[in-house]
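Q: Hi! I'm new to this structure and would like a friendly walk through it. Could you take me around?

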Amino acid sequence: MNIRDTGDLWWKDAVVYCLDVETYLDWDDDGVGDIPGLVQRIDHLADLGVTCLWLMPFYPTADLDDGYDVTDFLGVDPRLGDLGDVVELVRTARDRGIRVVVDLVVNHTSDRHPWFRSARRSKDSPYRDYYVWRPDEPPPTQDQVVFPDQEEGIWTLEDKTGEWYRHRFYHHQPDLNTANPAVRDEIAKTVGFWLELGISGFRVDAVPFALSDVASAPGDTIDEPHDFLRTLRAFIGRRAGDAILLGEVNLPYLDQARYFGNEHPTDGGDGGTEVDQLTVQFDFNAMQAMYLSLARSDARPLAGALGSRPPIPHDAQWATFVRNHDELTLDKLTEDERQEVFAAFGPDESMQLYGRGLRRRLPPMLDGDPRRVRMVYSLLFSLPGTPVLYYGEEIGMGENLAAPGRLAVRTPMQWTPAPNGGFSRAPARRLAGPVPTDGYAPEHVNVADQRRDPDSLLSFVRLLAHRYRECPELGWGSVEILDQPHDAVLALRSTWQDASMVTVHNLSADPVVVRLQLHMPAPGTRWVDLLDREDCDPGPDGEAEVRLDGYGFRWLRVSPPGVRRLL
């Protein structure tokens, strides 16, 4: 065993679950989810197999961007609870073997944050250089706007001082000037505060935007923007050696690799240098290629994305996901490819957002076909990396297109078939979001019913999560894309130490027989099915035929004689 292949690299094979406290469970029945309600549901996450809980922002907020417009980085929105509730949540989760990661939103603040309220009043404010200003009228910047239907540019005039402030997102979210050492100190103080409360890391929002390329004053330091991440990574390492930075970096692979840091190894990540920036990054490229593959019933786009991943440091990791809390962005696809995905999964414009993504959840996109839904989640847990679930995916929740924008997929969690899905006993008009009313309404899709059904999606996702945790080769191993003749099939072999697994997924409706061959098999080797009871016995040359139904899948543990792993 490599000395670094130890449990303190817990993120290498974690099962991550993302939720918004506001929409998870309302314990005081005011219509808004809260931290005490979440504490009551920690056992649901533990039973599911979750080992890392990622919380979307719960800080005090102007509530104009679902909590991402923060007014105090060191507090808790009083609607959701208080700091004592956070400590109780962390303790309760830790007792179940679950670490808690929180959103770190340091690209911007709310315009109601005390820093900006002071900064906008006077050029002499001590917080003026906490933000990015320009005295001259900016050129058109429509092409740089993140939300093109909401903003016309990234600069807004502040009448009191006659200067423009920058905002890559909404005009009510002024950008922090991270080139300013004082701002970096504030960020370090924020990180240190939450680490002291037992937080195990941070999901860093909008990382490329946070590495500011504009300095506002002569004292600002910006020789190398990535130094900000290196300094933050080093600080976290001193305060809590096993805490992580989970980064949102939606860039092409070669650009994305820079955010792990250090010189990258050339052996596929089995050795080499240690990460000195982000510990884990979301793999937006593979996610988008996966949807193109699903639209075409052709595994080659996804295989191509996986094959083009750059080597990363040994202790870094990719995070894989089916969807997240934002629109399902397709911006890395070509225009023609994007239109293919829209035609397959979001043909109505009301299902699309900004012309670049989908505001839908997976089951409705797949017309509720349980074969396809289960195949996709099997694929998620078997892809090389750390799987991330978005709340409600474990039961197949749908979206509510009547909700505006991204809120379509941020509806209340559906716990029971009762009114409001058991989320709250408040009147429906007071809920944090509207509950779906179609075939994905709580009377059709909820946790309580699925817990009693061994054939439910919840039971299946629980099985996947537990099998994933029992198979370290999926999180730790090197991955080989296996040759086979079917375009619709993705066949992967993951290997780590003496463990090896073959996963095979059929993205088409047609049944297939996949002929696979593994090199230099030991005599008597068997391929043990971890999800069913259809083991394979390869021939003496290591070749075996794997039969797959339409949208079928197999997890096959390669078991040479004498290997003492639980199968």
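A: Here is a short chat about a sheet, some single residues and some salt bridges.

Q: Great. What kind of model is this, and how are residues numbered?

A: It is a predicted model, in which local features need pLDDT of at least 70, side-chain atom pairs count only at pLDDT 80 or more, and totals for chains, interfaces and linings use all residues. Residues are numbered from 1 along each chain as its sequence is written, and side-chain values use heavy atoms, with hydrogens and water left out.

Q: Let's start with the sheet. In what order do the five strands come?

A: The order is β15-β16-β17-β21-β19, in an open sheet with antiparallel pairing. Strands here are DSSP runs of E with at least two residues, helices are runs of H or I with at least four, and both are numbered from the N terminus. Two strands pair if DSSP finds at least two bridges between them.

Q: Which strands stand at the edges?

A: Those are β15 (478–481) and β19 (526–529). Each has a single partner strand, so one side of each is left without a neighbour in the sheet.

Q: How many degrees does the twist average from one strand to the next?

A: The average is 25 degrees. Angles run from 0 to 180 degrees between N-to-C directions, using axes that are lines fitted to C-alpha atoms, for helices over the stretch in contact.

Q: How many bridges join β16 to β17?

A: Eight bridges do, linking residues 489–496 of β16 to residues 499–506 of β17, and the two strands run antiparallel. As an example, leucine 490 has histidine 505 in β17 as its bridge partner.

Q: Which helix lies across β15 and β16?

A: That is α10, residues 300–307, which runs at about 30 degrees to β16.

Q: What does asparagine 506 touch?

A: Not counting residues up to four places away in sequence, asparagine 506 touches several residues, including Met375, Val489, Leu548 and Tyr551. Contact means heavy atoms within 4.5 Å. A polar atom of the asparagine 506 side chain also lies 2.8 Å from the backbone oxygen of aspartate 510.

Q: New topic: where is leucine 89?

A: Leucine 89 is in helix α3, residues 83–95. At 1% relative accessibility, leucine 89 counts as buried. Leaving aside neighbours within four places in sequence, its contacts are Ile35, Leu38, Val39, Ile42, Leu53 and Leu55. Glycine 37 is 52 residues from leucine 89 in sequence, and their C-alpha atoms are 9.8 Å apart in space.

Q: What about phi at aspartate 66?

A: Aspartate 66 has a positive phi of about 50 degrees although it is not a glycine. This residue is in the loop between β2 (52–55) and α3, and at 13% relative accessibility aspartate 66 counts as buried. Serine 297 also is not a glycine and has a positive phi, of about 55 degrees. Serine 297 is in the loop between α9 (284–296) and α10, and counts as partly exposed at 26% relative accessibility.

Q: Now salt bridges. How many does the count come to?

A: The count comes to 45 salt bridges, where a salt bridge is a side-chain nitrogen of Lys or Arg within 4 Å of a carboxyl oxygen of Asp or Glu. One of them joins arginine 96 and aspartate 43, at 2.9 Å from N to O. Arginine 96 lies in the loop between α3 and β3 (99–104) and aspartate 43 in helix α2 (residues 42–48), so the pair ties together parts that are 53 residues apart in sequence.

Q: And which residue does arginine 128 form a salt bridge with?

A: Its partner is glutamate 163, with the closest N and O atoms 2.7 Å apart. Arginine 128 is buried, with a relative accessible area of 8%, and glutamate 163 counts as buried at 13% relative accessibility.

Q: Last one: which residues are linked in a network of salt bridges?

A: Asp66, Asp326, Glu327, Arg356, Arg406 and Arg410 are linked that way.

Terms used:
Buried means under 20% relative accessible area, exposed over 50%, partly exposed in between (1.4 Å probe, protein chains only). A polar contact is a pair of N or O atoms within 3.5 Å; within protein, one must be able to donate a hydrogen and the other to accept it, and residues adjacent in sequence count only if both atoms are side-chain atoms.
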